[in-house]
Structure formats: structure tokens, C-alpha cells
Amino acid sequence: MKLTKVWMLLAAMCFSLSVFAQEAPKPPQKEHKTPEERAKAVTDRMKEKLALSDEQYQQVYDINLKAEKQLEELRKEHEAMREKMKAHHEALKEVQKEREEAIRAELSEEQREKYDRSIEERKEKHHERVEKRKEVRKHRRGERKRGKPVEEGKRKKLK
């Protein structure tokens, strides 16, 4: 009797784990609204909250539309810059890879091993610095969330 319960419990656990292993569906992407749609939505909310007259509504809409068009341009510039930086980063990685391969071709087996170790050590040190920066940012963010300004003397400094 006890053995049957144990087996049933194990089977139920295995089944429940397989259910959780399935990938959750991704939320649908937000539709990108035009600057006109965003300006209208913002102005409609303002009309409701501020009781704008029809004349004020039109003036505020024009102001919001101008701002939304400017923001749209800035978003496009930002996205183009991100793509350019990504391509730049890939090019840097490719040059570094070519350099390392060319250097390795000129070294003896013993020198190649030392060179590979030095590269690994450099990567580890870089990873440590990145993790340390993340920790400092997390600490600062935590202090800001609690409403405390981060005092200059209390900031952790990276070495």
C-alpha cells in the first residue's frame, strides 16, 4: 500500500515537472502607434483630467504632436545608433580574433600555451571588473529606491 502511494507520488512529480518544462508563450508585441495616435491619446487624457476647452484641446494637441514627432525622430536615431554600435562591436571582435590567430601562428607550442593562459587571465579579470561594477550599481540603485541619496563618501569606488 505504501509502495503504491510512493510510486503514484513519483509519477505525479514527474508529470508536474514536464508541465513546467514547457516554454511559456511570449506576450504579444505592442503595436507601435504613430506620433498622431500618441499625441491624441495624451491630449485626450489631459482633456479629461484638466477639463480643457475645445480651443485649449487643439493647442495642447498641436504641442503634443510636435513633441511626439521629435521623440519619434530621436527613437529612430537611437535605434540606428544601436545597430551601428552592434556592427562596430562585431568588427572589433573580428579584428581581435584575427590578431590572436596571427600571433598564435608565430609562437612555439610552449609560447602558445602561455599566450592562451594570459588571454584567459585577462578575460577573467575583465569579468570580475564587470561583476564588481554590477554590484556597485545594484547597491546604489538600492539606496536610491529607499529614498536615500547616495553620498559621495559612501560610494564604492572601482579599482
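Is Lys125 buried or exposed? In this predicted model, Lys125 counts as exposed, at 53% relative accessibility.

## Charged patches on the surface

## Salt bridges

The count of salt bridges in the model comes to eleven. One of them joins Arg75 to Glu72, with the closest N and O atoms 3.8 Å apart; both residues lie in helix α3, three residues apart, which is about one turn of the helix. Arg75 is partly exposed, at a relative accessible area of 43%, and a network of salt bridges links Arg75 and Glu72 with Arg38 and Glu68.

In helix α4, Glu109 and Arg112 are separated by about one helical turn because they are three residues apart, and their side chains meet in a salt bridge of 2.9 Å, N to O. Lys134 forms a salt bridge with Glu131, the closest N and O atoms being 3.7 Å apart; Lys134 is partly exposed, with a relative accessible area of 45%, and Glu131 likewise counts as partly exposed, at 35%.

## A buried threonine

Thr43, found in helix α2 (residues 35–50), counts as buried, at 0% relative accessibility. Leaving aside residues up to four places away in sequence, Thr43 touches Tyr57, Val60, Tyr61 and Asn64.

Notes. Residues are numbered from 1 along each chain as its sequence is written. This is a predicted model: local features need pLDDT of at least 70, side-chain atom pairs count only at pLDDT 80 or more; totals for chains, interfaces and linings use all residues. Side-chain values use heavy atoms; hydrogens and water are left out. Buried means under 20% relative accessible area, exposed over 50%, partly exposed in between (1.4 Å probe, protein chains only). Helices (H or I, at least four residues) and strands (E, at least two) are DSSP runs, numbered from the N terminus. Contact means heavy atoms within 4.5 Å. A salt bridge is a side-chain nitrogen of Lys or Arg within 4 Å of a carboxyl oxygen of Asp or Glu.
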